[in-house]
There are 2 protein chains.
Amino acid sequence: MKKTELFDTLRWQILQLDIEPGSALDEVSLCEAHNVSRTPLREVLHRLAGEGFVRIEPNRGASVSSMDITTMRNFFQTAPMIYASIARLAAENANPAKISTLRDIQRDFRLAVEAGHPRDMAISNHKLHETIGDMADSPYLSPSLQRLLIDHTRMSQTFYAARNKDERTRIMTACEQHDDMIDAFEARDPSRAVTLTLDHWALSRDRMDLYVRPDPLPVNPEVRDAV
Amino acid sequence: MKKTELFDTLRWQILQLDIEPGSALDEVSLCEAHNVSRTPLREVLHRLAGEGFVRIEPNRGASVSSMDITTMRNFFQTAPMIYASIARLAAENANPAKISTLRDIQRDFRLAVEAGHPRDMAISNHKLHETIGDMADSPYLSPSLQRLLIDHTRMSQTFYAARNKDERTRIMTACEQHDDMIDAFEARDPSRAVTLTLDHWALSRDRMDLYVRPDPLPVNPEVRDAV
DNA sequence: CGCGATAAAATTGTGTACAATATGTATTTT
DNA sequence: AAAATACATATTGTACACAATTTTATCGCG
């Protein structure tokens, strides 16, 4: 397997929670698993570290970036601002090629929703928001967007693994919102794009709360205090 | 030289424009210069790439991130928002240890100003804003702050290389603003911290414009078109 | 002289061996 | 039995050799 593939593979494995947050990454086992030597693997790990997927402690190897409660608080604080700014820029910078890409991704997303495949939903959703970030074309904002999306996608696994009818309805709503957002980008309507984006955020935020505080809440007082 | 040192060395060389933006980085010459083999050097380059200091094109090596006019436009658009948000969080999360660090760095900055050492000013200024970012303690905002600071520090070389009295006065003002900002952080006054930060931004912005559009403007029409 | 193909040189990418460091275990000491 | 030490093992870090690729130089041809 080539290095670029390896990078993408590990990236997606992390995003899809195939590799648990916080878990240690053993170099030799990864090498055997992906059929590369340690030299390119380590280079990939260093890049992943630079982009926030992984944490490298000198002489102690790499581990997947963790998602603890304190960072979650920051997440909910920061996400709406970044998403809104990105949306604004994306609407200002919209071009037909990127809009077309967005439509393609959104088609995949809708198919995944109709087929009820949580993994594919999460993947398409990530790609969609990543592409919006590309369209915004802001080298200064996209680092934060990328960092947000890492944790957003990991958390959204819960969101898309819909169990009851209400949750499935929410996913349908999110799907419609995507279409509306793309329409707003295409129409180059920044303020509408921002509004729709914030609505979209609010919808997924309500569900992601459950990731941090799983439903039903544990009644164990010790656990509550720890949180 | 160890790998962590090498990382910092290259980082500062890029930030201080010792290595020109856009210039190619030859692996073997860097190895000889810093007395390491290519393996650790390449790992460092990959990490620098992940953090936005460097750009790696497969099979074509690494080059220092460039600063063209289009990215500059994004810079001025994005910077105030990120700086303000970071300032707010820094004021909310202020703790004595970090405040003390800030005071130390600011002391260095003032010394550099009084001694008239542009390089040291730029370094201290970078460290100061980086530490404010640490204090804000937001894993989602700091990637963008870091990316902004890369270009801000590189541009500020112009700012600190003061030639006339007016420019030196501006630097003095910036120095005072640093103190006021740290006071606001220490007092845990978010809104004041944000206001002061935006003032500080406005001051340096006015000077950095000159970097993008050097004074006096070239009247050559070909150059204008190319830009 | 310009253009394209081909060969040589230089540069980047990968595999492997070995060194340095950290971790785990057994033994000794109190 | 607990703590400390020394040793063995496992893991990470680095150097180097070679493979793959790109860049440069050379040559032939119209």
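In this predicted model, the surface near DNA strand C is made up, by class, of 4 nonpolar, 5 polar and 6 charged residues.

The side chain of A:N59, in turn, places a polar atom 3.5 Å from a sugar or linking oxygen of DNA strand C. The elements that give two or more residues to the surface near DNA strand C are α3 of chain A together with α3 of chain B.

We can now turn to the other DNA strand. Around DNA strand D there are 15 residues, of which A:R38, A:R42, A:N59, B:S37 and B:T39 come nearest, and the residues of this surface divide into 4 nonpolar, 5 polar and 6 charged. Sugar or phosphate accounts for 65% of the atoms of DNA strand D within 4 Å of the protein, and bases supply the rest.

The side chain of B:R60, by contrast, has an N or O atom 3.5 Å from a phosphate oxygen of DNA strand D. As for the elements behind this surface, those that give two or more residues are α3 (38-50) of chain A together with α3 (38-51) of chain B.

Part of chain B can be followed through its strands. Strand β2 (residues 54-57) and strand β3 (residues 61-64) of chain B pair in the antiparallel sense over 4 bridges, with B:R55 standing opposite B:S63 in β3(B). The hairpin that these strands form has 3 residues between them, and B:N59 takes a positive phi near 65° there.

The two protein chains also meet each other, in a contact that takes 31 residues from chain A and 31 residues from chain B. Between them the chains bury about 2,600 Å², of which 55% is on carbon and sulfur atoms. On the side of chain A, the residues A:E43, A:H46 and A:Y140 supply 28% of the area buried against chain B, more than any other three residues.

What polar links join the two chains? There are 2 salt bridges between chain A and chain B, and in one of these links the side chains of B:R42 and A:E43 meet at 2.7 Å, N to O. Across the interface, 13 residue pairs are in polar contact. The elements that give two or more residues to the side of chain A that touches chain B are α3, α4 (69-92) and α7 (142-160) of chain A, and α4(A) gives the most, with 11 residues. This side of chain A divides into 12 nonpolar, 10 polar and 9 charged residues.

Methods:
Residues numbered from 1 in each chain as written. Chains lettered and ligands numbered in written order. Predicted model: local features only at pLDDT ≥ 70, side-chain atom pairs only at ≥ 80, totals over all residues. Heavy atoms only, no water. Pairing = 2+ DSSP bridges. Near = heavy atom within 4 Å. Polar contact = N/O pair within 3.5 Å; in protein donor to acceptor, adjacent residues only side chain to side chain. Nonpolar A, V, L, I, M, F, W, Y, C, P; charged D, E, K, R; others polar. Contact = heavy atoms within 4.5 Å. Buried area = accessible area lost by both parts, 1.4 Å probe. Salt bridge = Lys/Arg side-chain N within 4 Å of Asp/Glu carboxyl O.
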